[in-house]
Amino acid sequence: MGNDFLDLDGTAQAELVRSGQLRPVELVAAAIDRIERLDPVLGALTAERFERALDEAARPTGAGPFAGVPFLLKDAVQHSAGDRYQHGMTYLREHPWVSAADTGLTRRYRAAGLVLLGRTKVPELTMSPTTEPLGHGPARNPWDLTRSAGGSSGGSAAAVAAGMVACAHGNDMGGSIRIPASCCGLVGLKPSRGRTTLAPFASYWGPLTHEHVLTRTVRDSAAMLDATAGPAPGDLYAAPAPSRPWTAEVGADPGRLRIGLLETRPSGGPLAPECLTAVHETARLLESLGHRVRTLDPIAFADPAGAAAMGVVIAASVAREVAAWERRIGIPMHDLEPGTAAAVAQGAATSAADLLDALDTLARWSRRIVLASSAVDVVLSPTIPWLPPPLGTMSGDRPLAETAPRWTAMAETAVLGNISGQPAISLPLHRTETGLPIGIQLAAPYAREDLLFRLSSQLEEAAPWPRTANVPMS
């Protein structure tokens, strides 16, 4: 059989295990071997737990839908018992911290049968749409090693695109699943707000944080959501349960949908020519499949006051996170990257009243977004406004005055779903002439992941994409 099974999606790998054609330990050992060969080039991982993973695979304890399938956990928000946690920080590289317990979602990954091989690289405190933490080095794009894998789930995206694992955890506070999915040619769903639990935490970046995975196929994204969705006891809010499993929506007829097209960023800023061409080609493909496409006014989605309020919420959240780590470790945090340092300073100066005002402003922006998209079933746009940027152009050592506008522009379309809580998915429907991926985003009404899975699987069948990159080794 060789190791070709590593290029299969997680659903197919799990079937090989269930049918007895492949033992979990063989699958995990092959994934470890590929990681050891490719990660020195890509820099996707920040910590490994290979010996423990092999031991767990040799003694499987359950029969979940992904039993025996290798998996990687993003090194942010979610903890895994007995494993190093660093969150992209030089501080936690120099002052090691080992998590005492699994978080709620990690427990669900284990219950699904996934075998955790390690943790993937993130920017410092997930602050950037590119994964280039100064303390840990960049995660490189498997399609072009000189370019960013996106952020903040860039390590997970690089690992999945390179075929190290079939799927990996991500979280999305401002596009952090969908931006890396676009950069690395993957499927990246940000579910509805409250669809997956943040237990034992109440929030990370206020109402902005959403948890899911990066995958190569639509069916894996649906199956992973089936395995992990739902509130934990005591969650403050939860998305309504689906009427049937999301895997049942894959391949189902989406009907004739009204598609709203965004041809510029909400601010009115332009798209890179390749991205504009890609979204127009997708619109034509949708029309050929029987859907109706019309252009939307992007300005209707814009809200400068809301964008400023989002900055307040992020700054307060980052300042709280830094203060919490200083209490745990007992040593002041120094040498933060410029963007993180600025957020901490702003957050420390934010009063409780200011934070509540900002949350109210975000709620008003959320309602504007929902109203602007209410005339259509799905909103179509590029996931990011340009191609995966060259490494170094937005890294943490660049002046903040230079990087901050680029960060904002890169996330401008993706962030709408974090504000509104609506589900949105990035699909790798296009490539440049040189093979760089271009992600296309589809956004649906709240709690309508079913609609996204139907439409996404229809597009996947009509315009299949490459599953894994041939990583250059020099």
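Cys167 has 0% relative accessibility and counts as buried (under 20% relative accessible area with a 1.4 Å probe, protein chains only; exposed is over 50%, and partly exposed is in between). The model is a predicted one, in which local features need pLDDT of at least 70 and side-chain atom pairs count only at pLDDT 80 or more, while totals for chains, interfaces and linings use all residues. Residues are numbered from 1 along each chain as its sequence is written, and side-chain values use heavy atoms, with hydrogens and water left out.

Next, pick Cys275. Its closest cysteine sulfur, in Cys183, is 9.7 Å away, again too far for a bond. Cys275 is likewise buried, at 0% relative accessibility. With a disulfide defined as a pair of cysteine sulfur atoms within 2.5 Å, the count is 0.

Helices (H or I, at least four residues) and strands (E, at least two) are DSSP runs numbered from the N terminus.

Colour Cys275, Ala278, Val279, Thr282, Ala283 and Leu286, the buried residues in H9. They lie on the same side of H9 because they cover an arc of only 140° around the axis, taken from the directions from the helix axis to the C-beta atoms. Pro273, Arg284 and Ser288, on the other side, are exposed. The buried residues pack against several elements, including strand E9 (258-261), strand E12 (424-431) and helix H15 (449-462). Just after H9, look at Gly290, which has a positive phi of about 100°.

Now move to Leu117. Along with Met164 and Leu186, Leu117 has the most contacts inside the largest nonpolar core, a set of 48 residues. Such a core consists of buried Ala, Val, Leu, Ile, Met, Phe, Trp, Tyr and Cys residues joined through side-chain atoms within 4.5 Å. Elements giving two or more residues to this core include helix H2 (24-42), strand E3 (115-120) and helix H13 (400-410). H2 supplies the largest share, 9 residues.

Show what surrounds Leu117: leaving aside neighbours within four places in sequence, its contacts (heavy atoms within 4.5 Å) include Val28, Ile32, Phe50, Leu72 and Val165. Last, select Leu125, Trp205, Trp365 and Val376, which are among the 39 residues of another core, apart from the largest one.
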